[in-house]
Amino acid sequence: MKRWALVAAVLSALGVAALPRPGHAQGKDTLVVALVAHAPTLDPHMHFERVGILVNVNMFDSLLHRNTKLEFEPSLATSWKAVSDTQWEFKIRKGVRFHNGDVMTAEDVKYSFDRVLDPKKKSPQYGNIRAIKDVRVVDPETVVITTDKPFPLLLERLTFFCIVPKKHVESVGDQAFGTTAAVGTGPWKFVEWKRDQLIRLEAFDQHWRGKPPFRQLIFRAIPEVATQVAEIKTGGVDIIRNVSADLVPELKTNPQTYVSSTPILRVHSVELDMRVAPFDKKAVRQAANYAIDKQTVVQKLMASLGRPVATTVQPQAFGYDPEVKAYPYDPKKAKELLTQAGYASGVDVTLHSAAVEFRPVFEAICQMLTEVGIRATPKMWDPGPAWNKFFQGEGKAANGIYFTWGNYSVFDADAVLHPLYHTETGGWIGKWYTRVDGLDRPIDEARSTLDQGKRKRIYSQIQQTIREEAPSIFLWTQYDTLALSKRVEYAARPDEWLWLFDAKPKR
Amino acid sequence: MLTLVARRVIRLGVVLAGVSLVTFAILHVSGDPVALMMPEAPEADRASLRQSMGFNDPLAVQFARFVTNLARGDFGQSFFHREPALPLVLERMPVTLLLTVLAMGLSLTVAIPIGILSAIRRNSLLDHAATFVVFLGTSMPVFWTGIMLILLFAVRLRLLPVSGWETTAALVLPAVTLASASMPLLLRIVRSSMLEVINLDYVRTARAKGVSEWLVICHHALVNAALPLVTVAGLQFGLLLGGAVITETVFAVPGVGRLIVGAIRQLDFPIVQAGVFLLALIVVLVNFAVDMLYIYLNPQIRVR
């Protein structure tokens with residue numbers, strides 16, 4: 001008797017298991033995106049995580065929007081102008097509704113800024129907008145933002161600065177707003193969040209741009225790349241991000257998927273430790289730059305998903321000077337410079353990296369350096385606590401580190417020059433490694449004027465200086481590569497956003 | 001017998017104290033969480049956060065505070081989630097436990113009958129096949145097994161979902177993967193301990209009395225062979241919880257393991273401490289239960 005019960009139980013368990021899977025990528029009007037993780041909160045002001053921004057932008061609107069050509073477009077602000085060097089006036093779009101039905105007004109805009117600027121709230125985005133001194137509501141459709149000094153990056157910062165509903169946030173509280181009661185004005189509204197599983201959104205019918213093409217939007221959290229790839233091949237998800245070079249051919253030829261890639265604002269370099277030999281000598285640093293065959297690495301090891309650059313300032317950023325040319329591949333010249341510097345018989349160095357997905361590239365670089373006489377030993381680190389400790393502990397006796405910089409998706413030279421080369425406390429690399437004297441003043445100067453012509457001239461000068469001083473081995477910009485299901489039409493964006501209002505079902 | 005139980009209870013307390021000391025210590029030498037929390041902030045802001053979070057106090061003071069709070073079930077606020085750590089861990093615990101129990105059940109379901117059969121039919125084809133599977137299972141790392149199973153059953157055959165936790169079918173692959181880690185050892189234990197008892201006098205006596213072979217194996221032999229199995233299964237339970245960390249990552253299962261791995265990357269002390277402490281608590285309790293079961297199963301211990 002008991003035995004039969006057991007058999008029945010096993011059979012029914014198998015029966016359940018064998019049921020047709022309700023699946024993830026279901027109906028035509030559902031779009032499923034795989035992310036490696038979820039941000040800790042849905043509150044667009046209380047994190048600064050890429051995976052969170054990607055979700056937030058589809059639920060919330062900012063004052064400005066950036067289109068695929070990287071131009072500013074009106075979003076919740078219909079127009080804007082600089083009233084003075086430190087004052088900007090924004091006209092707020094009329095009749096925009098939050099997902100809960102409330103009308104969005106200038107008060108909500110002011111509240112959103114005050115919320116991030118309030119030190120008690122400890123918003124991780126505080127640093128982005130701390131130049132803002134005051135936000136004033138002139139009338140229900142006009143807001144004036146005052147900065148403490150001229151702040152040319154303001155508009156850039158406002159493309160991801162979500163406007164939240166004051167009344168709603170105050171009544172439900174910050175905690176609930178970030179977990180169960182997120183309300184914005186964006187194309188999709190919040191339905192449910194199963195942590196580490198999925199965030200489910202549904203089209204907001206009263207969205208001011210109109211209805212988005214997909215009714216349901218799901219962000220699944222899938223940490224393992226191999227699993228993401230298996231999911232997209234079987235239709236479990238429709239979009240996966242950061243597809244690495246070795247996976248591109250496979251996903252290009254798969255009948256269910258295609259690949260879309262575009263240059264992004266992430267630049268690669270090897271930051272050299274200018275405090276100690278041998279990279280204290282300019283000639284050695286230049287030799288290192290001549291030693292790298294950038295074109296070959298990009299073609300052979302990165303599936304051509306990269307573009308060599310002259311410095312860390314990238315072609316897409318404001319202030320880029322195309323006249324500053326990249327170091328050519330010239331091993332002879334590299335050896336000459338090395339001899340000049342007194343290292344005729346070569347020199348030993350150790351380079352460090354935690355960029356796991358670029359390991360082959362890093363090893364190739366070390367090999368190329370070794371060939372000209374800079375005998376480089378590659379040392380790979382696991383990204384995480386140990387690397388952070390090494391990296392932030394002033395990197396004692398490290399000759400150099402493989403480094404990538406994402407500019408916080410800000411398309412302006414300042415977003416790479418200030419954090420990397422300014423010696424102000426908090427500047428990471430500039431403080432310890434790549435110390436080019438005399439850059440603080442021009443960086444500050446360019447930062448505090450709204451005269452774009454003048455800024456361009458200063459940045460051009462800085463690029464010439466850093467190319468000459470060669471504080472790093474300048475490498476290439478990275479591409480972002482998405483793999484997409486053929487039933488979805490969408491293209492990768494230079495700012496790495498997933499602005500899914502642009503995604504359409506393919507017929 | 002009471003003293004025996006009391007001794008076990010004391011050991012339980014010592015182990016837990018050790019676990020909390022170790023988790024506390026390891027994390028505090030592995031980096032600066034404030035730098036991770038505010039990567040772009042000026043040093044002054046970081047210093048004040050460090051001060052307000054108590055990172056400037058002597059380690060002994062921080063540990064004393066940790067233990068006092070622990071006694072109240074307060075592991076502090078997660079730095080990353082900005083919520084109390086304990087509920088975040090508890091919320092995910094059922095998933096991890098279900099996965100582990102399923103895997104344990106699955107490995108026992110396979111290991112016991114196959115182990116018995118290969119002991120009775122020693123050197124038969126089945127016995128050799130089982131030995132081969134044992135070798136295979138012990139030598140394959142869990143994450144690899146997982147990915148291979150995905151490729152076969154989800155991508156090639158399209159029988160099961162690749163990952164997730166939304167449907168019952170989604171439980172199958174992670175449970176099988178995890179079971180594959182513990183099943184081989186259990187099978188080997190069942191086989192060898194069955195071999196040990198199967199030729200003993202009392203088994204022969206039972207047979208001679210005309211007891212059916214089925215009853216001899218299941219009642220006389222298995223109950224005695226079960227002692228080492230129970231011990232090993234208890235230890236394996238801890239191993240499975242550890243393996244769940246990897247399995248959860250491969251199959252995107254929303255469990256404690258994945259939470260802890262993420263928290264380690266972010267140096268989120270409270271989450272790691274709460275997670276490791278609770279998992280350790282479960283392992284210790286399971287082993288405690290095994291000890292009790294052992295005392296119950298083995299009259300020799302009970303009497304002494």
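Begin by selecting Gly73(B), which lies just after helix 4 of chain B and takes a positive phi of about 75°. The model is a predicted one, in which local features need pLDDT of at least 70 and side-chain atom pairs count only at pLDDT 80 or more, while totals for chains, interfaces and linings use all residues. Residues are numbered from 1 along each chain as its sequence is written, and chains are lettered from A and ligands numbered from 1 in the order in which they are written.

Staying in chain B, go to Gln266(B), in the loop between helix 11 (256–265) and helix 12 (269–297). The C-alpha atom of Gln266(B) is separated by 30 Å from that of Thr167(B), 99 residues apart along the chain.

Next, turn to chain A, where 4 strands form an open sheet in the order 4-5-7-6 with antiparallel pairing, two strands being paired if DSSP finds at least two bridges between them. Strand 4 (77–84) and strand 6 (132–139) of chain A stand at the edges, each with a single partner strand, so one side of each has no neighbour in the sheet. Finally, select strand 5 (residues 87–92) of chain A, which pairs with strand 4 of chain A over 6 bridges; here Trp88(A) is the bridge partner of Ala82(A).

How values were computed
Helix = DSSP H or I, 4+ residues; strand = E, 2+ residues; numbered from the N terminus.
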